[in-house]
Amino acid sequence: MMKHILLPAFIFLSSISAFSQASAEQNFDIVILHGRVMDPESGLDALRNVGINGHRIAAITQDGIRGRKTIEARGLVVAPGFIDLHSHGQDAENYRYKATDGVTTALELEIGVGDIDRWYGERQGKALINYGATIGHVPTRMRLMGDSGTFLPHDKAATTVATPEQIAEMKRDLEHGLARGALGVGFGIGYVPAATRWEIIQMFGAAAEYHAPAFVHLRGGNDPDSPMASLEEAIAAAEVTGAPLHVVHISSTGLRSTPLMLASIEGARKHGLDVTTECYPYTAAMTDLGSALFAPGWQQGMGITYHDLQWVATGERLTPETFEKYRKQGGLVIIHAIPPDIALLAVSSPLTMIASDGLIVNGKGHPRGAGTYARVLGYYVREQHALSLMDALRKMTLMPAQRLEARAPMMKNKGRVQVGADADLTLFDPQRVIDKATYEKVSYSEGIEYVLVGGVPVVSASKLVEGVTPGEAIRTPIQ
Ligand SMILES: [Zn+2]
């Protein structure tokens, strides 16, 4: 790491008058002064000045530096931009909520998309923050089976057992997506319960052929042992095929089984299996009420009743009557099902990354789509002392970058505050940072003061910057 900028060379080579000129010269495009730079990889946690040229970090130094633009960061933490591995909201509205929560890269890896070229093409040159996606088993199955749902299956993709020919066709579709640069294969097994274990192994096989991770929402089930059985299915598929495995939102899938699942993942890792996981910092989940997660028996499976369901469109709690009515039409529902001690245990576990599972539609949705990162920093780090600030940042930056590095080498330049790394940076006030979004009203987080994407400010003095689109595609190079 370059600790000093080129100033000493100027002194050596030049006369005193040349040096005065040089020191007055603006060596950088942007300088961030007097911030507390925190880099989870090197462990650096110290006051430094950061110089940025173009889209890269060019200097991290204790020396005085000057740039065409200066950001005064006294009292602020200068962290790598947050990387959200689980972000369903992939439009301009959601990118604004992400940016104001400190996220510089938002990826749709769980459900994924059905057409990789089209999806990346639609965002090229238009995005506020970096974006990327997996090729998804769920959308592929919905297309093949002719499901009537839009985002998640409502009927045929959930209920039809695939023929061997259909399994082969889905596998070819996933392989095509991977060949076109998808970041991995996305799975929502719980949404397609008719998919057999053999079908899942075949789809993992597509991922394995491209050395790509499988990002998995586990199979559901209403038996108390279902979360563990579902985890074992995914671990077995990873072992059978060799595909790396990432288990999404462990606490909302695991509920009271979460500690057992974390222990199992730890054991698998100890024995050499590439398994990772993530969680979001909330005590409620959210999904489509029309989906297979609400097939009969859901109350036992989730340990909840109608009143624990909250209809996103109106904020109302459901009754048996409104449940039936809204289930027929489908739509987003918040599920108050995660015990607070389980949410805390998941956030503080060294195994988990932080990922939002966020989706905001016309200003409505689960608060996780707007407040996940500020909530970890403000509520779990500052107020609850559940984990250290550096550990929290590692879960939001370095760990998600490392999860993707083998498949997307460009991630080696993200998740770090180091010379040569991409200038994706989040500057926040550790004393003030907090989420403001609630289950009734989605709002921007507070205390996230500057966010840079590839050296371009997208949040400045706590305000969104209008008219900038520095977001780039996070995509596997196409051979
Ligand atoms: Zn999910």
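**Zinc site, strand pairing and burial in a predicted model**

Student: Is N362 buried or exposed?
Tutor: In this predicted model, N362 has a relative accessibility of 69%. Residues with a value over 50% are classed as exposed. N362 therefore counts as exposed.

Student: In which loop is N362 found, and what is its phi?
Tutor: The loop that holds N362 runs between β17 (360-361) and β18 (364-365). N362 is a residue other than glycine, yet its phi is positive. The angle is near 50 degrees.

Student: What is the phi of L255, and is this residue buried or exposed?
Tutor: L255 is placed in the loop between α10 and α11. Its phi is positive although it is not a glycine, with a value near 45 degrees. The relative accessible area is 12%, and the limit for burial is under 20%. L255 is therefore buried.

Student: Which residues are the protein donors of the zinc ion?
Tutor: The donor atoms lie 1.8 to 2.3 Å from the zinc ion. The donor residues follow the spacing E-x106-H-x31-H in sequence. They are E110 (OE), H217 (ND1) and H249 (NE2).

Student: How many residues apart in sequence are the parts that H217 and H249 tie together?
Tutor: H217 belongs to strand β10 (residues 214-217), whereas H249 sits in the loop between β11 (245-247) and α10 (250-254). The pair therefore links parts of the chain whose separation in sequence is 32 residues.

Student: What is the relative accessible area of H249, and what is that of H217?
Tutor: H249 is buried, at 3%. H217 is also buried, and its relative accessible area is 8%.

Student: Which residues that line the largest pocket are the closest to its centre?
Tutor: The largest pocket has a volume of about 880 Å³, and 48 residues line it. Elements giving two or more residues to this lining include β7 (103-113), α9 (226-241) and α10; β13 (285-288), α12 (298-302) and β15 (332-335) do likewise. The residues closest to the centre are G220, S252, T253, L293 and M302.

Student: Which residue takes a positive phi just after α5?
Tutor: The angle is about 70 degrees, and the position follows directly on the helix. The residue is G146.

Student: Which residue of β8 is the bridge partner of V113?
Tutor: β7 and β8 pair in the parallel sense, over five bridges. Within that pairing, V113 has as its partner I135.

Student: Which residues of strand β19 (residues 425-428) point one way, and which the other way?
Tutor: The side chains are divided between two directions, and all of them are buried. L425 and L427 point one way; the other way point T426 and F428.

Student: Which side chain is joined to that of Q310 by a polar contact?
Tutor: Q310 is placed in strand β14 (residues 309-311) and counts as buried, at 1% relative accessibility. Beyond four places in sequence, the residues it touches include R317, V333, H336 and Y439. The polar contact spans 2.7 Å, and the partner is E440.

Student: What distance separates the C-alpha atoms of E266 and T276?
Tutor: E266 is found in helix α11 (residues 258-270) and counts as partly exposed, at 39% relative accessibility. T276 is ten residues away along the chain. The separation of the C-alpha atoms is 8.9 Å.

Methods: Residues numbered from 1 in each chain as written. Predicted model: local features only at pLDDT ≥ 70, side-chain atom pairs only at ≥ 80, totals over all residues. Heavy atoms only, no water. Donors = N, O, S within 2.8 Å, 3.2 Å for Na, K, Ca; no water. Helix = DSSP H or I, 4+ residues; strand = E, 2+ residues; numbered from the N terminus. Buried < 20%, exposed > 50% of the residue type's maximum accessible area, 1.4 Å probe, protein only. Polar contact = N/O pair within 3.5 Å; in protein donor to acceptor, adjacent residues only side chain to side chain. Contact = heavy atoms within 4.5 Å. 1 Å grid on protein atoms, 1.4 Å probe; cavity = no way out; pocket = protein on both sides within 12 Å on 5 of 7 lines; lining within 4 Å. Points joined across faces, edges and corners; volume = space filled by probe spheres on them. Pairing = 2+ DSSP bridges.
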